[in-house]
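Trainee: Could you show me how to read a contact between two chains, and then a single residue inside one of them?

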Amino acid sequence: MAVTRINIGPVHPSTHGVLRLVADIDGDTVVDVQPHIGFLHRGVEKLVETRMFMQNPPYMEKLDYVSPMSYDEVYVAAVEAAMGVEVKERAQYIRVILLELQRIASHLLWIGTMCNDIGQMFTAFMWGFQDRDMVLNLLEEAAGGRMFYVNMRIGGMVRDLPPDFADHALGLMDYMEKRVKEYERYLERNPVFMERMKGVGVLSYDDAKNLGVTGPVLRASGVNFDARKNKAYYVYQKLHFSTQVQMAGDNLARYKVRMMEIRESIRLVREAIKALPDGDALGMPVKLILPAAKNRISIVSRELPRGECIMYLVADAQKPYRLSIRSPSFINLAALNFLAKGQRTADMFGIMGTLDLVMGCVDK
Amino acid sequence: MTNNLQIPFGMGLNVTSYINSPNPVYSVGGIIAFAIIVAIIISIFGYIFGWLERKMIAKVQHRHGPTYVGKFGILQNFADLVKLLAKEDIIPDSAERTLYIIGLPLLVSVSIFLVLLLPFAPSLQATNFAFGILIIFVILSFTPILLFITAFSTSNKFADISAQRSVLILLSYELPMILAVAAVGIAAHGYNIASIISAQSNGIFAIFMPLGLAVLFITMLAELERPPFDLREADSELIAGWLTDMSAPYYALSLFLDYSRMLLGSLLITILFFGGWEGPLLPPIVWLLAKASVISIFIIIIRATTVRMRIDSILKFGWKWLLPLSLINLVIAYIIFA
């Protein structure tokens, strides 16, 4: 059969934003697929060079609109490292709690969009969004915003946690534990779902390392790497959690890694709330003239919901001289061509779903 | 059956006896009356299930569904229909104009024609072929071909892929489906619809042949291209599948097509396995439509829960499971009834 070239996106139901794919399809088999990116490019890396350090977090949050606080935190951590500022202990715990909540929210949204990609009639999508909404309520209590928070400052937080936050969070974690079980019962007992996930888009241990994929995609291929453990930061080494690794490397493994990560995050939030020390959590006021950090270089690595994000910052007094972002979605998108080749057309979208791409994160 | 004078809905009208009357005026009048009644049934059923589907799926997804237009949003579909029909009809330059225009109306008329071949009550049927059920299944298996032509006429790549898939899955379900029908034929000693229904007066075939019912239900989902077999309209892959390059009025027609085919499929399952209009107290047409409605509700619930199957797994499933099961069912039917 002749090879047909089809154009998918940038406006398409399952490209999650503005990804454009040009796919060569032979019958129903994908021969080649080339991602075309840049439709959401805003030049953030250049933009931040024109602004003071603490004017930039709002830009960082728009990079990944599914887990904005995580990106915010990477940038603030990079600035802190360049300044040589130590984060207050209570603020470290608060950051861990909020980041893990953000991870839960991000993974819940992922379940929904992934199920949409493999052809579900929006049921898991709606469930995921409703549960994510509850996490957002909690984040709203803590940070004042539902989508974009900007609640990190150099050395700490903008505000401390509200007094009844701990009770609300622990209550939600109990609920979330039940819901994760329900999702698993609902999806994994469905033979059609298992058929679509098992053995599809297999990424072997070596290929995963060679392609440089990160995050859940990497761990689903058997590579035991989690920046929270391997490049321990904040109080993560004091808390108890395990890196979720699956050996199969297929869609199902990527799904399982994320489901288990929700569980681990629930565990982390509970433990961090119990261990939350008293004291001051507030960071430096924005208007304070920061210690001059001319030509200081910092490299920070953080485990975002989508994978490891590395920020390289060269500080120039009050502004970044250069900020380079290694965004996890961009790295994982590079694996799409490798994974989709030789697969069925329908599976190409399933694989794209399990890579968990956010176009803001890809295009920067 | 013709001398059965049961009255549908107390209308005081035995359409069957009019159609069969030697007087051509009565006969033609009877056919017209039958066509009008069936058109009303299809429209009301399609409308109610169009609304019910939205409401039920919303319930599964913890949403409200339509609420604003009319009580419980019952008029929402009507509002949508008006909106769709009022939109501009854009025909792409690259489209095959004639086929593009007649394709969908032809598909709709074929599915309405198939419903017209079905009996709704002893006193409400137009035809009484000796091989009635086979004729219906033969014509039904031509609809993917018509659909292929319609999709091909839009000369859109997504429509092409969708049409190819639609014809390809024909390979997997057509044979088990006909074998499930053949088992019913063995059990009823014939393929006449009225005799299939009367053969179930002592016990519906669903009790004796649950395998056959399962096979027919699954293959009917594939025939209607409802989830998990909705490869034709795989929205996350093919945007809107065969309708990608069709404008709003055609979309409205396609919805009508989907619901009239859902009625057809539910009626066929009811007649073949649930004893058609047989039932105590209520008039036969009420029993028939009530049973068909329950089956349609099952079809809708499946849509709300499952993910889409892949084309190769549908083919594998058809040949690995459905075909052997339908053969076993054929043997069971032979042992019990022959």
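Mentor: We shall take the interface and then one residue. This is a predicted model, in which local features need pLDDT of at least 70 and side-chain atom pairs count only at pLDDT 80 or more, while totals for chains, interfaces and linings use all residues. Residues are numbered from 1 along each chain as its sequence is written, chains are lettered from A in the order in which they are written, and side-chain values use heavy atoms, with hydrogens and water left out.

Trainee: What area is buried between chain B and chain A?

Mentor: The size of an interface is often given as the accessible area lost when the parts come together. Here the buried area (1.4 Å probe, summed over both parts) is about 2,600 Å², and carbon and sulfur atoms give 57% of that. Of the area that chain B buries against chain A, 25% is supplied by B:Q61, B:V307 and B:R310, more than any other three residues.

Trainee: How many salt bridges are there between chain B and chain A?

Mentor: A salt bridge pairs a side-chain nitrogen of Lys or Arg with a carboxyl oxygen of Asp or Glu within 4 Å. Between chain B and chain A the count is four, and one of them joins the side chains of A:E195 and B:R310 at 3.8 Å, N to O.

Trainee: Is B:T219 buried or exposed?

Mentor: Buried means under 20% relative accessible area (1.4 Å probe, protein chains only), so B:T219, at 1% relative accessibility, counts as buried. A polar atom of the B:T219 side chain lies 2.7 Å from the backbone oxygen of B:V215. Beyond neighbours within four places in sequence, B:T219 is in contact (heavy atoms within 4.5 Å) with B:Y173, B:P176, B:M177 and B:L322.

Terms used. Buried < 20%, exposed > 50% of the residue type's maximum accessible area, 1.4 Å probe, protein only. Polar contact = N/O pair within 3.5 Å; in protein donor to acceptor, adjacent residues only side chain to side chain. Buried area = accessible area lost by both parts, 1.4 Å probe.
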